[in-house]
Amino acid sequence: MLLTHATLATMTDRPDFVEDAAIQLEGERIAWVGPMSEAPVRDGSVNLGGRLVTPGLIDCHTHLVHGGNRAREFKMRLDGASYEEVAQAGGGIVSTVRATRAASEADLLSSALGRLDRMLAEGVTTVEVKSGYGLTVADELKLLRVARALERARPVTVHATLLAAHAVPPEFKGRADDYLHEVCIPALHAAHAEGLVDSVDGFCEGIAFSPAQIERVFVEARKLGLPVRLHAEQLSNLGGAALAARHGALSADHLEYLDAAGALAMAEAGTVAVILPGAFYTLRETQPPPIDLLRQHGVRMAVATDCNPGTAPMTSLPLAMNMACTLFRMTPDEVLAGVTTHAAAALGLSDRGRIAVGQRADLAIWEARDPAELSYRIGATPLYARIHGGRLDA
């Protein structure tokens, strides 16, 4: 396939923005990129009429597979209840756990496909999907099997993450260490043995797991050769980002309460900061992540939806881009890198996120001319077509 008369946001070092350009695809890879004046002659080319082409978008932090919803908790928060108060009242993650355990794999797949289809319609070609709403060995594996099934059902790449260290279920109340020993770590080994997991995540927070407990999970993951990631510094600063960096984590996510020591540790380790404005917005938080501090230390910043039923019931990555700009004062260039090159790095994927020879032919074609349009619009998706692995979805 030869795409002609395109406006490219290549997300490479130089040049990053190319007008009247062409891209030649061979199989699943990009074979040539350059100006129209040098384009190879080929029958059956696709004239894009100047439309903007970016790498396919990458949503690098989602909880896409789950049962039920938490609309009631939305009303509780509007009445003034905090995230912690909702959790203590039996809501929060545990309420989704009940609904997820009761759902069959078929039910979970059906509901997740609806959410995934909305993501694909807005240019996503790679999506990370976490477990974490089962909290038994069998139910965590169930969620990961559904994540793998999504990739077979739709033209998308799925990165499956085990998040068994997400919350302590009611049957282990007050016994977090026992839960890690009896459920979380056995689930990790079982998921690895079945080839169901690409990375391992945890929730390091006062309402979840301590740094020492998370470190136990990380040590086991690294023994298995699995990369780690971490929900860190969302509600308080427990030093989770520095812990993640010590273990060479791909990313530390949320980071509203990140301090300078944590940012420096992330920079030295190459750990990506995943910015999640949807959760900040939904929880009506007042302390944004320290974007200037991350810039100062040269920490790469990804942007993701955090799609989940409680704190970020959203599927729109372009909306997350807009929120990152308006709420956190990130620039349009930063957020576009955040859903392409830096999102790829947050998943440990070096073969996507840029328009360059040898990269995967994952592309998004937009009814736009300026890359800033993608973060400027609110609730409008100017997607013209999506290409995944060299195959065009018109």
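## Exercises on cavities and a helix

The largest cavity in this predicted model has a volume of about 120 Å³. Let's work from there.

**Exercise 1.** Find which residues lie closest to the centre of the largest cavity, and work out how its lining divides by class.

*Solution.* Start with the lining, which has 13 residues; Tyr83, Ile93, His166, Asn308 and Thr311 are the closest to the centre. Next, sort the lining by class: 4 residues are nonpolar, 7 polar and 2 charged.

**Exercise 2.** Now do likewise for the second largest cavity: give its volume, its lining residues and their classes.

*Solution.* The volume is about 40 Å³. Around this second largest cavity you will find Pro55, Gly56, Ile58, Thr125 and Thr126, together with Arg352, Gly353, Arg360 and Asp362. Sorting this lining gives 2 nonpolar, 4 polar and 3 charged residues. To put both cavities in context, the structure holds 3 cavities of 30 Å³ or more.

**Exercise 3.** Check the span of helix 7 (residues 211-223) against 1.5 Å a residue, then decide where its buried residues fall around the axis.

*Solution.* First, the length: the 13 residues should span 18 Å, and the end C-alpha atoms are 18 Å apart, so the two values agree. Second, list the buried residues of helix 7: Gln213, Ile214, Val217, Phe218, Glu220 and Ala221. Seen down the axis, they fall within an arc of 165 degrees and therefore line one face of the helix. The face turned away from that buried side carries exposed Ala212 and Lys223. Third, look at what covers the buried residues: the cover includes strand 8 (157-165), helix 6 (176-193) and helix 8 (240-246). Finally, step past the helix to glycine 225, whose phi is positive, near 80 degrees.

Conventions. Residues are numbered from 1 along each chain as its sequence is written. This is a predicted model: local features need pLDDT of at least 70, side-chain atom pairs count only at pLDDT 80 or more; totals for chains, interfaces and linings use all residues. Side-chain values use heavy atoms; hydrogens and water are left out. Helices (H or I, at least four residues) and strands (E, at least two) are DSSP runs, numbered from the N terminus. The expected span of a helix is 1.5 Å times one less than its number of residues. Buried means under 20% relative accessible area, exposed over 50%, partly exposed in between (1.4 Å probe, protein chains only). The arc is that of the directions from the helix axis to the C-beta atoms. Contact means heavy atoms within 4.5 Å. On a 1 Å grid over the protein atoms alone, a cavity is a set of points where a 1.4 Å probe fits but cannot get out, and a pocket is an open set with protein on both sides within 12 Å along at least five of seven lines; lining residues have an atom within 4 Å of a point. Grid points are joined across faces, edges and corners, and a volume is the space filled by probe spheres set on the points. Ala, Val, Leu, Ile, Met, Phe, Trp, Tyr, Cys and Pro count as nonpolar, Asp, Glu, Lys and Arg as charged, and the others, Gly among them, as polar.
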